[in-house]
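Work through the exercises below with the structure open. Try each task before you read its solution.

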Amino acid sequence: MAILTIRDALNQALREEIIRDENVFIMGEEVAEYDGAYKVTRGLWKEFGDKRVVDTPITELGFAAVGVGAAMAGLRPVIEFMTFNFSILASDQIINHAAKMRYMSGGQFKVPIVFRGPNGSAYQVSSQHSQALEAFYANFPGLKVVMPSTPADAKGLLKSAIRDDNPVVFLEQERMYGIKGEVPEDDDFTIPLGLADVKREGTDCTIVARSMTVPLAMQAAEIIQTDFDVSIEVVDPRTIKPLDIDTIVKSVKKTNRLIVVEESHAFASVGAEISHQVMEQAFDYLDAPVKRISCAEAPMPYAKNLEEMALPDVPKIIQAIKEVCYL
Amino acid sequence: MPKTATRQKTETNENSTNGAAAKTVSNTKNNSGVTDKVNRKEAQTENVSRKKHQTDSIKRIEPKLLKEMLYQMVLGRYFEQKCAEVYRIGKIGGFCHLYIGQEAVGIGTIMALREDDLVISAYREHVQAIVKGIPPEEVMAELYGRAGGIVGGKGGSMHMFDAARGFYGGHGIVGGQIGVGTGMAYAQKYKGTEGVTLCFFGEAAVNQGMFHESLNMAALWKLPVIFICENNQYGMGTSQTRAMSISSVAKKAEAYGIANEFVDGMDVLAVREATERAIERARRDSLPTLLEIRCYRFMGHSMSDPGKYRTSDEIKKYQERDPIVLFRSSLTDAKIISDKDYEEIENRAKDAVEKALKFADESPLPDEKELFTDVYA
């Protein structure tokens, strides 16, 4: 096992898939000569050249569309958004075109495309650069939505996303690019989409966390274990759509308590969906109401103290655990 | 005719049409406040010039192909007329945008392609789909929402697709397909095929950001795409003059360094010749072209359009420039077809449409399980 950052794990995945399949190319703003705004594509342009690593004008709707058309005509584009906030400009292509093409064409066309880039908050980049958009994209049939939280997951899931024949929205997190972890060295290491991972086994309370809230949940679990001897299970769905609800339900049936921690806003969120599905499938197993920790119901502020208040953090998770476990 | 001469001719056409429009704005405002863009005398003069052009062009094209072009135009006309008829009795649902009046554009362009070239269009695409090779039966069954439709009843009027025949839809978001078509050409170049992509859109889509984003990328990356703006002069009920600050669509290409032509969309042979020049540029030099093909739809925007934004007089005058009537008369004068031949063409087209209706009527409804198929690959 190699120790890699999430950034380098993603870079390896891209590199290996570019080598593996001549139809794979990456396209986006600053991905080539500049080495990527967040250096995820570092070195790829130098190694593979203009054909496989393509700088675009700042024209998100346009290059997303080029990706969709190229995918329909047999290529496997990886479209990088410098941040997913900019994907909103391209959402007509992602939602109205990529997601529906297979269905509208009666199954004649597939759109094997990955839209990837950082989702959610960074550090003090304010309202228009801090949104977590997974619920938005997960709402539409035809799209898959992936959110890795570790270097190994990042690599294995990105490789699967590139090989998948459907449009995949692959959401990274800017705060997490530097997180290190073990990554298998096998060139063919993949993690199937739609499979949750139990990041920490426990018996007393389930926390479903994704992306940047996974490390927060892990820290809170350790503190609660030490201070109260309460055992927390942390489930990371990794793929939001399709959602591995079975693993979540199985965990809840064991612990009888559920907390969902998410970086997005609460209203109509993925957490709301998980709460609902658990209510449907494990209502009788719940010993406390499902608790959610989400981003404050306000656009993201700039000021450091306000931004910290808006986001989930370890103390908020500990407080939630105390509430559902009656500590 | 040498290339330069044709180019000059299309430019002259553009000037005269623009001139007519400018003149009539002040001259012929009618009581309803709708501006009548057609001056009858100029229309007749234009017709004479078109006729002359067609008579010259006919000599350079195989008679068999000319007859097939006329057949496709007549077929398209009957097909759409029948659609209107059965729509009114509820056999077709939803939106239904008809191509009547614009046949010269679809036939003139698509029939200049090679079989492996690709086409993508907007939502007024029934006839284009047929010309690209989708059997009329499968287009009609799709309109009927039946299992025998080209996409099994999942798309309807706006979403005809045929992967094998290179017809990439059938798209309902104004301008969305311009970028997708650019991407198809991107893939053709990436793979080193010599194929080209024809990308259709209306003049109203030119006001969308996507048009400009796509032209920029197509020029930047030298893509073999032919942008075909079917300028029927109305974006739904809003006339081009009320929606576009600079009325020449073709000239907008110059902002991106893209070759462009203004083409008379009532003259199927002028359309074919302009398309052939664009195809050569795309295939040989991998360069994009924008063709602004001026046409007119004889029907409303869709079947639910009461059409209050234009006068029946305006429509009638354009109907006098009917591209089928013109082409038939040119072919007759050139002795390519006789009246009897035309009658045969009409009968063949009518039979094909009747066959399509019968097929659609007899085709079963989609199986209920189809609701959930093809969501994911």
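Predicted model: local features only at pLDDT ≥ 70, side-chain atom pairs only at ≥ 80, totals over all residues.

**Exercise 1.** Describe the contact between the two domains of chain A.

*Solution.* Step one: count. Domain 1 of chain A brings 23 residues to the contact, and domain 2 of chain A brings 23 residues. Step two: find the elements on the domain 1 side. Those of chain A that give two or more residues are helix 6 (134–138), strand 6 (144–146) and helix 7 (151–163). Step three: sort the residues of that side. They split into 11 nonpolar, 8 polar and 4 charged.

**Exercise 2.** Which helix of chain A gives the most to the side that touches chain B?

*Solution.* Count first. The contact uses 31 residues of chain A and 33 residues of chain B. On the chain A side, two or more residues each come from helix 3 (60–72), helix 4 (91–98) and helix 5 (101–104) of chain A. Helix 3 of chain A gives the most, with 9 residues. Sort the chain A side by type: 13 nonpolar, 14 polar and 4 charged.

**Exercise 3.** Where in chain B is the pLDDT below 50?

*Solution.* Begin with the whole chain. Chain B has a mean pLDDT of 90, with 89% of its residues at 70 or more. Then look at residues 1–36 of chain B: there the pLDDT is below 50. This stretch has 36 contacts in the model beyond near neighbours in sequence. Finish with the model scores: ipTM is 0.97 and pTM is 0.93.

Conventions: Residues numbered from 1 in each chain as written. Chains lettered and ligands numbered in written order. Contact = placed C-beta atoms within 7 Å. Helix = DSSP H or I, 4+ residues; strand = E, 2+ residues; numbered from the N terminus. Nonpolar A, V, L, I, M, F, W, Y, C, P; charged D, E, K, R; others polar. pLDDT = per-residue confidence, 0-100.
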